[in-house]
There are 2 protein chains.
Amino acid sequence: MGNVTIYDVAELAEVGIGTVSRVLNNSARVSKETRNKVLEVIKKLNYQPNAMARGLALQKTGSIGILISNFTSHFFMEVLKGVQQGLKKYNMDLVLYTVSAGDFYDITRKENYIDRILSERRVDGVLAITMKMTEEEINKFKSVKVPLVLVNDLQESNSSVFVDDIEGAKEAVNYLINLNHKRIAFINGCMDCRQGNQRLRGFKDALKEANIEIDNNLIKIGDFNEESGYNLMKEILEETKENLPTAIFTASDIQAIGALKAIKEAGYSVPDDFSLIGYDNIELSKHLDLTTIAQPMSEMGELGVEMLMKSINSQQNEIIKRELVPNLVVRDSCSKI
Amino acid sequence: MGNVTIYDVAELAEVGIGTVSRVLNNSARVSKETRNKVLEVIKKLNYQPNAMARGLALQKTGSIGILISNFTSHFFMEVLKGVQQGLKKYNMDLVLYTVSAGDFYDITRKENYIDRILSERRVDGVLAITMKMTEEEINKFKSVKVPLVLVNDLQESNSSVFVDDIEGAKEAVNYLINLNHKRIAFINGCMDCRQGNQRLRGFKDALKEANIEIDNNLIKIGDFNEESGYNLMKEILEETKENLPTAIFTASDIQAIGALKAIKEAGYSVPDDFSLIGYDNIELSKHLDLTTIAQPMSEMGELGVEMLMKSINSQQNEIIKRELVPNLVVRDSCSKI
DNA sequence: CTGTTAGCGCCTTCAG
DNA sequence: CTGAAGGCGCTAACAG
């Protein structure tokens with residue numbers, strides 16, 4: 001069972017390699033007899049076309065690339081599940097391009113990375129997960145005509161699947177408002193990305209609509225990580241000592257976990273002293289009974305694949321945008337006031 | 001910036017393609033002048049060799065495959081980090097073969113899967129993570145000479161990197177014993193894998209060494225998932241009502257989480273009523289303050305890559321076994337009695 | 001030292 | 001409907 005090639009098949013089936021190739025790509029017309037004969041030999045020899053050779057001839061690799069940064073593990077894992085799910089029916093391989101945190105912020109290396117992916121031509125298209133691609137980078141993909149779809153990110157000039165974070169934040173805050181909370185704090189992630197901006201806007205919008213005055217002391221900007229949640233919560237506890245909020249909305253579950261830690265350290269508890277609501281619905285949150293806004297992560301992945309495959313197969317450069325809506329998952333970290 | 005090939009650079013540099021190839025693989029001797037000239041053109045054209053073509057000529061793909069089952073996500077994520085880390089210096093790509101739960105148990109499909117990987121020849125070697133490969137499957141790899149290394153699994157006939165689970169379980173139980181616990185329950189995973197067997201053995205060994213009699217009512221066999229932990233804990237609570245254990249050791253953190261749930265539901269708490277210790281040290285356990293046995297997950301990944309690359313590059317079929325030892329991570333789920 | 005040529009395994013015209 | 005031949009982009013002898 002060494003390396004059986006198309007020639008072996010042709011020889012044993014007593015036909016030319018052209019014929020074998022034809023049945024392989026069930027293209028053109030081949031007589032039923034010969035087709036069956038060839039098929040038989042293929043099975044007998046356990047023949048499978050060599051991916052490289054086929055790729056070279058076809059100028060198609062039969063695989064897509066997925067570009068991620070290595071520090072979004074929870075989120076990524078879920079998206080990946082969707083991607084795999086979506087990929088199943090296409091029988092394509094998946095190559096993983098992980099740009100590590102360091103490379104990501106080092107412009108030079110990030111560019112090199114993309115250049116390499118593009119020129120090596122090992123993949124027929126790429127899915128960029130939460131990648132904040134620049135216009136210039138997007139153009140690189142366009143100029144070499146390898147389809148790119150942005151997942152969990154939105155850029156005008158490129159196909160994207162993303163979520164309506166304004167709506168998500170509003171859902172969270174409205175839920176709190178319905179529980180009679182009026183003093184609601186918001187621990188946000190960074191503001192140099194869509195997510196941060198939208199969630200802040202959703203937060204404010206919900207408050208406005210409920211005619212609750214916005215207290216800027218209750219709005220904190222940080223990062224989407226645990227440490228940030230912890231620190232900002234401590235700040236809030238400190239700074240608003242004489243007029244504490246009754247509820248806290250964090251822009252990520254991980255921040256909520258940090259906040260929870262700060263809350264406990266200060267001798268308070270959730271949901272008795274504070275109602276706490278997160279964002280993302282990572283697996284952790286389930287185990288912590290954290291009420292949160294669920295991002296449709298695996299759906300994003302699956303949809304991303306769908307869009308990418310369509311783009312790969314149609315070869316026309318239509319830009320498609322798909323916006324998904326997050327939804328509230330009620331657990332046990334919020335209480336009526 | 002379309003598809004620049006080796007011919008383009010040869011032409012522009014006014015040399016033959018052979019020369020370009022030589023500087024690319026900085027092989028043989030090329031005069032400094034021509035080498036520099038070529039290098040210059042390469043940079044100018046932003047040329048990068050086509051991976052497929054090179055692969056076809058070299059009979060090497062420049063990438064490795066990683067075979068995983070999709071239901072070990074936490075664990076996998078950590079191993080993957082190590083793999084990426086290890087892969088960095090080799091500048092190889094990583095293709096992900098996820099055999100989903102369904103396929104995995106459907107023998108036919110699993111075999112087809114491996115056949116496909118092997119005969120497509122898209123990768124130079126594969127890392128199988130927690131895969132319980134059969135002798136027959138391993139032989140398939142051998143017969144086509146694509147290097148395989150088993151990660152978190154041990155088979156006599158193949159290179160493997162794995163952990164000493166006997167020792168790990170002993171560490172856990174010894175810790176409990178040092179806390180004066182005598183009635184220690186063990187919630188194990190399934191017994192049809194090395195992990196389950198070894199952990200049970202470690203559990204028993206530690207007890208024996210401490211001259212504590214083994215109570216078979218306190219040993220439960222199930223699966224490595226949350227539900228199993230929950231159910232088995234309930235059984236224990238039920239069956240040993242009049243003589244409850246004081247400590248519980250679970251064979252995975254996920255089971256510990258399930259057990260925790262059952263404990264809480266029954267009105268007990270950890271670590272006051274029961275000491276609880278898990279296994280794995282998945283990220284979750286940190287947030288739940290669960291004392292556990294840390295598996296060197298990313299080390300396994302990194303070491304696996306190292307071994308695989310050595311095997312790929314040396315082309316000699318040496319079988320190497322590397323056993324790593326897990327270590328105790330003390331948090332807050334156990335108390336002295 | 002360097003240009004030329006023959007594959008690597010497959011697909012796709014082009015004749016027949 | 002089918003065999004033969006050229007080419008995909010690159011590497012590795014082989015002659016200069």
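The model is predicted, with local features needing pLDDT of at least 70 and side-chain atom pairs counting only at pLDDT 80 or more, while totals for chains, interfaces and linings use all residues. Residues are numbered from 1 along each chain as its sequence is written, chains are lettered from A and ligands numbered from 1 in the order in which they are written, and side-chain values use heavy atoms, leaving out hydrogens and water.

**The two copies**

The same surface serves both copies, since 98% of the contact residues of chain B recur in chain A (contact means heavy atoms within 4.5 Å).

**Around DNA strand C**

DNA strand C is surrounded by 29 residues, the closest being A:I6, A:Y47, B:G16, B:T19 and B:R22; a residue is near the strand if one of its heavy atoms lies within 4 Å of it. Helices here are DSSP runs of H or I with at least four residues, and strands are runs of E with at least two, numbered from the N terminus. The largest share of the surface near DNA strand C, five residues, comes from α2(A). By residue type, this surface has 13 nonpolar, eleven polar and five charged members, where Ala, Val, Leu, Ile, Met, Phe, Trp, Tyr, Cys and Pro count as nonpolar, Asp, Glu, Lys and Arg as charged, and the others, Gly among them, as polar.

| Residue | Polar atom | Distance to a phosphate oxygen of DNA strand C |
|---|---|---|
| A:I6 | backbone | 2.5 Å |
| A:N50 | backbone | 3.0 Å |
| B:T34 | side chain | 2.8 Å |

**Backbone details**

A cis peptide bond joins A:V270 and A:P271, with omega about 10°, and A:P271 sits in the loop between α12 (253–265) and β9 (275–280) of chain A. In chain B, the bond from B:V270 to B:P271 is cis too, with omega near 5°.

A:E14, a residue other than glycine, has a positive phi near 60°. A:E14 belongs to the loop between α1 and α2 of chain A and is exposed at 68% relative accessible area. On this scale, taken with a 1.4 Å probe on protein chains only, buried means under 20%, exposed over 50% and partly exposed in between.

**Aromatic rings**

Rings of Phe, Tyr and Trp (its six-membered ring) pair if their centres lie within 6.5 Å; planes under 30 degrees apart count as stacked, over 60 as edge-to-face and the rest as tilted. The count is eight aromatic pairs over all chains. A:F186 and A:F249 have ring centres 4.9 Å apart and planes at 15°, so they are stacked. This pair links strand β6 to strand β8 of chain A, 63 residues apart. A:F186 is buried at 0% relative accessibility, and A:F249 is buried at 0% as well.

Terms used: A polar contact is a pair of N or O atoms within 3.5 Å; within protein, one must be able to donate a hydrogen and the other to accept it, and residues adjacent in sequence count only if both atoms are side-chain atoms.
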